[in-house]
Amino acid sequence: MIYTSMDSSCMGEVVWFGELDVNSGITITNSTMARNLCTIFHTEAAKHPDNLAIVYCEDIHCQRKITYSELQREATEIAKVLSLSKTCDAHFSVLKTVAGDKKQQEQHCHIIDEESMPESLFTEKQSIVCENLKSKNVDNMTSTVIGILCSPGPTAIACILGVLANNAYLYITPEYSRGELASIVKRIYMKSVLVEEKYLENVAEMVDVVLCSLYVFGTHFKLVSLHSEKESEFQRSNEMKDVAYVIPTSGSTGIPKYVYVPHLCIIPNIIDLVKLFEVGQEDCIFCAAPLTFDPSVVDLFLAFKAGARLVMVSPYLLKIPVLLLDIVLQNRVTILQATPTLLLSFGKERLKESFLGNNSSLKVLALGGEMFPKLSHLKQLVGEMCQTRIFNLYGITEVSCWATVAEVIISELVTDTEDSPPKTVSGEGMSDGFSERKVPLLGHSLKDMTPIGNSLSFTKVKVLSKSGEDVRDGEEGEIYIGGPERMCRVDDGTVNLDARFSATENRQAPSFFRPSGDRGVLKGGKIYFIGRLDCQVKRNGRKISLSEITRVCRNFNYVETCHVALHNEKQIIAFVYPHYEYVTEEDVWKDLRNNLSHWKLPDDVIIVKELPFNKHGKVDIQKLMTARQVSSVNRSDKYKLQSLDKFYRDLWKRILGCNNASPHDNFVKSGGNSLKAIQFTEELENFLGYSIPNLLDVLLSETLLKTYQLAKKYYSRNSFENVDIFHPKPSKIFKSENIRMLDSHFQTNAHGDYHTQNIIPSSYSEGICQEYDSLNKEEAPVKDGNLKLTVVSRRGILNKGTSPIHYKSIPYKIGLLWKYNLKKCIDSSPMIIEYGNGTSFAFVGSHSHKFACINAVTGTEHWCLQLGGRIESSPIISKNGAHVYIGCYDGLLYCICIESGQIIWKFTTGAEIKSSPIVDDEMGFVIFGSHDKILYCVTADGELTWKVSFSNGSIFSSPCISGNTVFVASLDGIVGGIDKNTGKIIWRRSVNKPVFSSLASYSRGIIFANVCKKIFSYSFSGSRLWKFETKGNVFSSPFVLQLENGMEVIGIGSHDNCVYFLNSYGEKIVEYNGLSPIYASPYLYCLNDQNAFRAVICETSGRFCIVHVMLNAKVDPEKSDSSTRSSNAVIETILERKLNGELFASPVFFKNRLYIGSRDDFLYGFYLHS
């Protein structure tokens, strides 16, 4: 037997038919079991205070080690802070509960608070509240969900343990966008979040009040209360106090759900597995799951229940299997819980030689979250003398975490699989959904599969038919999991399980059972998981099961694993990961045709050399789809070497599976359908290089010969006549990414693609238009002594030896020049430079870690670098015009050669750099802030000139320079002036609230805004000149424009959907009222009319517009809307468009060209003309 039953003394029995007593033979009882996860930790921490609790690997060479006593101390302090803060009055903005580094605070010069007392950081009234808090009975307060937004590692674990003392936690990964965070808050009704300070801006829009400040292992945190809707009835009930955590499902089967997991649901899992895996304090457990994936809870408390050591790694290392395996081996991990995809990513040879080798330290390998590997393939990963115990775990997040377990006996594995190799089987007769009849292929295929095993404590497992009845042996149905002690709430907790089940297709399952959505087969008293129920497509009235295709592929003896997915909800794509390199797509097609009905065949088969995985360790379908695009291009290139005759025959054979096609065969009658017809025409047109009119109609209605004759006709004409008679067909992979428009408007269709007239065919290189290819060799910066250079950034335009530009007051039309894909969100604002010879470049960074230099006119990539982290900082050019500087999330400031793209030097700080650097035009110094709370000044050679710890807050905004003073602001609301040459603090002031807005200088002083609706101007010596109040939070930075008549105009956006245009005295000239919040800075530019200017405005919704502002205009109150006029000016929107993604990056305008970075991953280059 390969599968073994667990000892009933520690496991409940699987309920195959009917219902059994869930507690029969179980030693765990409600009276003896710990009722709180936090209790489990503190009990063991008291026993083993000096044991290592966590080893955190930031990278391969850097480890941080935390003992149980250290972790317990931090968790206890957090619990105290949260208990005190529960009773804090929401009207008070800040409650100081934990002092930071007092010595560091004493070193700072005196801070002058010029705001009114209600906005003061610590008021007398708050001190009274602090004293009264100690007398409150916090133990009787209602439990609630507290979010934890921080980097993974020891700080996150301490926060989790601290929250668990009296509340439920929801770990929020910093990778979530602001939109995703807002959605989470709305769904969970969270009232408060414990947030690492460097991520404070992620939730700033939702913050109601900062309750307190604290340090966790030296990392600064804020506890903030949120603008949240009314709690659900469940969250106000007594049941909420039993909830341990809220966790999302992986979303692999649809939109992620949020599950409220009680302590008594997850604790039996911990106790069972500790006993089954024989976990002791000498063990080392590797946490492969992110904290947003519920197996991580099992990893944490498997270690904490036994006083064992937990090894964690940074998200960066989790994505690099080679480094990950090295860390596992170096730390001599003894217990690993992982997905099969993550395991296979280590590589079969390395697994067999080391991790699953003869002398491996690993004693337990538990695989779950996906279908367990075939036994015949598992044996190829394991050394002959391997002593590792291997388990199959099965469960669903809605009944967190695991429901069943089965052990594979390695000593019997080789015998069983070698004597009876798995056979390829026929899929004929397989059910479309699940049915109550026997499945013919079971006797063949299940021999190579592992059952889900016996149920864990307090858990029942059933396989039920559609009618709700228990299936009989050999039949398939849906797997149900439950038990009174394993019941979790889903989403807002208001879902009533009884009502939900009674409405589900007449299923009569008891109320504590939950459907898994998984298809199971009962065979010989064991349940086998065979795929998902919802993986089905209906075509021509017939249901096609993606699980069936997957299962058939997996049974081919040369296939390691297979994943079948839908592309655009229509095309079925089979991604096959073979054992051997020589396996081809044709091999797979041949066997699929022999084992599946023609109407069940996938639309495409792709051989992949590796399986990409997502943050949960499961197969990343999006990356597989990208692999398919690359495969399609390579396939097209290969076919172009063939003749049309051979290509056409091979294409017909491959798509229809017809070996002996007759010239009079019809596509539809030969097994084709509309989707296959589209695939056929696309591949044929890609081969030809152009579109053929009516090709699809002819293919569906005529014969093979007629379709071929049509293709041949155009193919011949293309060979000998002018190609302009055809419809040029650009490369499939780039046709929606790189389109150049001339004199035409652009518009989007339902899919967000751009459609134009007079399109120039694009080349096969990303961002390149063919007519400009020859420019690549000439695009080098000017190196003469008299530098002529124009720099255009979100701060405006800087002319070095060039003349200012003025634009005509004419109406605009807009066309898309090009768009460049950076693969992830763009929050970095672009910078444009133009040299005296006319060469111009655009520079921009992305969340993908990419930093690109692009020809600003053509979209041609000059170079593109992959840096060490996300890029939100905006670039700046060096004094000599030869280099560009950019800050990065890896804590490095990069200096890069513009001509070659070579990194000249890197300067290291202590944390992320989100502050955009500035360059001193006199000395060439580069000045920038970091989230390590330090302002740096380095030379053009990358040497440190000075650094200053300006305040207790991180520096997010960008500084500015005027004369010999650098002006800077921080996230704790401190603003001040620093001597440019020495780094000495000249003055500092407090504006009480975080400053995200970058500083700008103008004739009278500096301008900036704090997050809480106020725009400030201070003189260069630190005296406040004026304050202007908006109606919404301000993240936008001010833009200063000086008109020809000497007047200065200041533009700044706000989350009240407005852009305010002010004069130098803080008086409103006019305001623009938009449709959504405005995060980006507006870009203002002069016209040849000195009494007017224009501004480019980007809204977060993706809408952007250009407005025309006429100063000193006479306003007709009957004709002009009050929202668009003031006593001094009239504002008119002259152009507006909408992009697919959100807009957080500021726009740049130069020579009638508009550049906008979007969260749809693209940098857009537009052309404006009359």
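By buried I mean a residue with under 20% relative accessible area, and by contact I mean heavy atoms within 4.5 Å. The model before you is a predicted one.

I begin with helix H1, which spans residues 37-47. Which residues of H1 are buried? They are Leu37, Cys38, Ile40, Phe41, Glu44 and Ala45. These residues cover an arc of only 155° around the axis, and therefore they lie on the same side of H1. Ala46 and Lys47, on the other side of H1, are exposed. At the N-terminal end of H1 there is a cap, provided by Asn36. A side-chain oxygen of Asn36 lies 2.6 Å from the backbone nitrogen of Cys38.

Let me turn to the nonpolar cores. In general, nonpolar side chains in soluble globular proteins tend to be buried together. The largest nonpolar core here has 75 residues. The members that touch the most others are Leu37, Leu71, Ile157, Ile266, Phe277, Phe301 and Phe304. Consider Phe301: if its neighbours within four places in sequence are set aside, Phe301 is in contact with Leu37, Ile40 and Phe41, and also with Leu161, Leu164 and Ile270. Another core, of 59 residues, lies apart from the largest one, and its members include Tyr812, Tyr1085, Cys1098 and Ile1106.

Next, strand E12, residues 258-262. Five of its five residues are buried. Tyr258, Tyr260 and Pro262 point one way from E12, whereas Val259 and Val261 point the other way. E12 pairs with E11 in the antiparallel sense over five bridges, and Val246 stands opposite Tyr260. E12 is also joined by two bridges to strand E22 (residues 489-490), again antiparallel; there, Tyr260 stands opposite Arg489.

Finally, I come to an open sheet of four strands, in the order E61-E62-E63-E64, with antiparallel pairing. Which strands form its edges? They are strand E61 (1083-1086) and strand E64 (1129-1138), each of which pairs on one side only. From one strand to the next, the twist averages 20°. Within this sheet, strand E62 (residues 1092-1098) and strand E63 (residues 1103-1111) pair over seven bridges. Cys1098, which I named as a member of the 59-residue core, stands opposite Phe1104 in E63.

Thank you for your attention.

Definitions and conventions. Residues are numbered from 1 along each chain as its sequence is written. This is a predicted model: local features need pLDDT of at least 70, side-chain atom pairs count only at pLDDT 80 or more; totals for chains, interfaces and linings use all residues. Side-chain values use heavy atoms; hydrogens and water are left out. A nonpolar core is a set of buried Ala, Val, Leu, Ile, Met, Phe, Trp, Tyr and Cys residues joined through side-chain atoms within 4.5 Å. Buried means under 20% relative accessible area, exposed over 50%, partly exposed in between (1.4 Å probe, protein chains only). The arc is that of the directions from the helix axis to the C-beta atoms. A polar contact is a pair of N or O atoms within 3.5 Å; within protein, one must be able to donate a hydrogen and the other to accept it, and residues adjacent in sequence count only if both atoms are side-chain atoms. Two strands pair if DSSP finds at least two bridges between them. Axes are lines fitted to C-alpha atoms, for helices over the stretch in contact, and angles run from 0 to 180 degrees between N-to-C directions.
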